[in-house]
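User: I am new to this structure and would like to learn how to read its salt bridges. Could you take me through them step by step?

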Amino acid sequence: MESAWTVAPIFRVRDVRAAAAHYRDVLGFDMPDERILTEPGNDNAIYAIASRSGVEIHLGRSRDGWRVDPGERPNALGAYLRVPDVRALHDELAGRGARIIQPPTVEPWGDLVMVVLDLDGYELGFATAPA
């Protein structure tokens, strides 16, 4: 039997350590030090893997000369994450100081959706399907 597929978006960020701390401290993701990868021979962080409830978001350092530009609404880049209780998550993230740009709102397709901006401007849509 084939196991379920998963997906992990890769966001290019300005500062991997700052982004990793934001995902840990503000968004409540697990971010152990061993999941922050550095360049060989120095301590410059180049990649990190944040995880929460089985979901991973990868944070990669922007290459020299590359812009970090997630875009602007309604065409911004980001991820759409299904969660069991978006209202409870809203309360948690609001208490942590997250930049919530859309409180839980019922969308035309029926999902209750909250949208949060991360440190680099990527949109994270957290959604609970209708009961």
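This is a predicted model: local features need pLDDT of at least 70, side-chain atom pairs count only at pLDDT 80 or more; totals for chains, interfaces and linings use all residues.

User: Which residue does Arg14 meet in a salt bridge?

Analyst: The partner is Asp120, with 2.7 Å from N to O. The two are 106 residues apart and link distant parts of the chain: Arg14 is in the loop between strand E1 and helix H1, and Asp120 in the loop between strand E7 and strand E8.

User: Is Asp120 buried or exposed?

Analyst: Asp120 is buried, at 8% relative accessibility; the cut-off for buried is under 20%.

User: Which residue pairs with Arg17?

Analyst: Arg17 forms a salt bridge with Asp43, and their closest N and O atoms are 2.9 Å apart. Arg17 lies in helix H1 and Asp43 in the loop between strand E2 and strand E3, so the pair ties together parts 26 residues apart in sequence. Arg17 is partly exposed at 35%, while Asp43 is exposed at 56%.

User: Where do Glu92 and Arg96 lie?

Analyst: Both are in helix H2, four residues apart, which is about one turn of the helix. Glu92 is partly exposed at 27%, and Arg96 is partly exposed at 37%.

User: Which residues are linked with Glu92 and Arg96 in a network?

Analyst: Arg52 joins Glu92 and Arg96 in a network of salt bridges.

User: How many salt bridges are there by this rule?

Analyst: The count is eight.

Key:
Residues are numbered from 1 along each chain as its sequence is written. Side-chain values use heavy atoms; hydrogens and water are left out. A salt bridge is a side-chain nitrogen of Lys or Arg within 4 Å of a carboxyl oxygen of Asp or Glu. Buried means under 20% relative accessible area, exposed over 50%, partly exposed in between (1.4 Å probe, protein chains only).
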